[in-house]
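Subject: Handover of a structure and the findings on it

Dear colleague,

Please find below the structure that I am handing over to you. I would be grateful if you kept it open while reading the notes that follow.

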Amino acid sequence: MINLMIADDNKDLCEILKEYFEFYPDLKCVGVAYDGFTALEMVSALEPDILILDLAMPNLDGLGVLERMPKTLKTKVILGTANGRDFVHEGALERGAEMVILKPFLLDGSNGDLISRIRMINGCGQPKAPHTNTVCSFLLSLGFKPNHLGYRYIEMALEIMLREWVDDLFKVIYIQIASKYETSPQNIDAAIRSAVLTAYASDNANFSNIFGDAKPSNSTFLSTAREYLKEDLKIDIKK
C-alpha cells in the first residue's frame, strides 16, 4: 500500500484526486491540506510515502514546504506546477523534490500519467509501453535523471521513433508530445535540450562512447539513440 497526501489549494482538484485514487487498491490518500503551513504540519505528523505538492499555495508555497520539511522524513515529494520553466523545476529538485510534473495532471492510464509516476518513484512502477524498460535503462545508463522535466519527453519521443519513422522532430514528435502535455513544442524542445546538456555535463562514459565528445543537438541525440535502441531491440522501422 502506498500512502499518499495531497497539498493543493484547489479543493475541487483534491476531491478529484482522492476519488481517482480510490480506484487503485494499492493507493490510499491519508490526508489533504489546502495551504503550505498545514501541509508542513500534516506531512510531519502523517509521514506519508508520497506527498503530491502544489507549487502555488497560500501562506507558504511548495518550495517553502520543501525547504522546511524535516530532513529525517522519508516522504518523497511530487511537485505539481503549471510553470514549465527550467529554473522552477531545478529549484524544486534542489530542495528535495523527487519529481516535478506539469499540471494539469494526466489521469488517463498512460505511461506518463500521475499513477505511473507515483508507482515509479515508490519503486513499483509497471511500464505499459512495449519498449519502456529498454528505453529507461538506456537513458539511466547515459546519466539522465528520471526527475528531470525533459526525461519523460525524451522517453516518449523515443517510444514514438521506435514505432514509426520520423524525419521532422519539430513538426511530428514535438507537436504530438506538446499536445499530450498541454504545452508548446518550444517548451518540449527546451526541456529536452536541458536534459541532454545535463547528461552531457555529467561526464558519463556511456554517453561519451555513443555520442562522442561534442554536445549533440536534440535531433542528433534522438536519432542516434533511436539507431542504438533499434539495434538492441532488433526491430525494423519502416520509412
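Strand E5 covers residues 99-102, and strand E4 covers 76-81. Strands (E, at least two residues) and helices (H or I, at least four) are DSSP runs, numbered from the N terminus. E4 and E5 run parallel and are joined by four bridges; two strands pair if DSSP finds at least two bridges between them.

Please note that this is a predicted model, in which local features need pLDDT of at least 70 and side-chain atom pairs count only at pLDDT 80 or more, while totals for chains, interfaces and linings use all residues. Residues are numbered from 1 along each chain as its sequence is written, and side-chain values use heavy atoms, with hydrogens and water left out.

Overall composition

The protein has 239 residues, of which 48% count as buried. Buried means under 20% relative accessible area, exposed over 50%, and partly exposed in between (1.4 Å probe, protein chains only). Its secondary structure comes to 11 helices and five strands. Contact means heavy atoms within 4.5 Å; among contacts between residues at least 6 apart in sequence, 62% join residues at least 24 apart.

The sheet

In what order do the strands of the open sheet stand? The order of the five strands is E2-E1-E3-E4-E5, with parallel pairing. E2 and E5 stand at the edges, each with a single partner strand, so one side of each has no neighbour in the sheet. On average, neighbouring strands of this sheet are turned by 25° against each other, direction ignored. Such angles run from 0 to 180 degrees between N-to-C directions, and the axes are lines fitted to C-alpha atoms, for helices over the stretch in contact.

Strand E1 (residues 2-7) is largely enclosed by the rest of the structure, because five of its six residues are buried. E1 pairs with E2 (residues 27-33) in the parallel sense over six bridges. Within this pairing, Leu-27 of E2 is the bridge partner of Ile-2. The chain passes from E1 through helix H1 (residues 11-21) to E2 in a right-handed β-α-β crossover. Right-handed here means that, with the strands pointing away from the viewer, the path from the first strand over the helix to the second runs clockwise. E1 is also joined to E3 (residues 50-54), in parallel, by four bridges, and Ala-7 has Leu-53 of E3 as its bridge partner.

E3 and E4 pair in the parallel sense over five bridges, with Leu-79 of E4 as the bridge partner of Leu-53. The chain crosses from E3 to E4 through helix H3 (residues 62-68), and this β-α-β crossover is right-handed. Five of the six residues of E4 are buried. Helix H5 (residues 114-121) lies across E1, E2, E3, E4 and E5, running at about 175° to E5.

The start of the chain

Met-1 lies in the segment before E1 and counts as exposed, with 62% relative accessibility. Not counting residues up to four places away in sequence, Met-1 touches Pro-25, Asp-26, Leu-27, Lys-28 and Asp-49. The C-alpha atoms of Met-1 and Pro-25 are separated by 7.7 Å, although the two are 24 residues apart along the chain.

The cysteines

How many disulfides are there? With a disulfide taken as a pair of cysteine sulfur atoms within 2.5 Å, the count comes to zero. The sulfur of Cys-29 is 8.2 Å from the closest cysteine sulfur, in Cys-14, which is too far for a bond. Cys-14 is buried at 0% relative accessibility, whereas Cys-29 is partly exposed at 23%. Leu-4 stands opposite Cys-29 in E2.

The nonpolar cores

A nonpolar core is a set of buried Ala, Val, Leu, Ile, Met, Phe, Trp, Tyr and Cys residues joined through side-chain atoms within 4.5 Å. The largest has 37 residues, and Phe-144, Ile-154 and Phe-221 have the most contacts inside it. The largest share of this core, nine residues, comes from H7, which spans 149-161. Apart from it lies another core, of 22 residues, among them Met-57, Leu-63, Met-69 and Ala-97.

Yours sincerely,
A colleague
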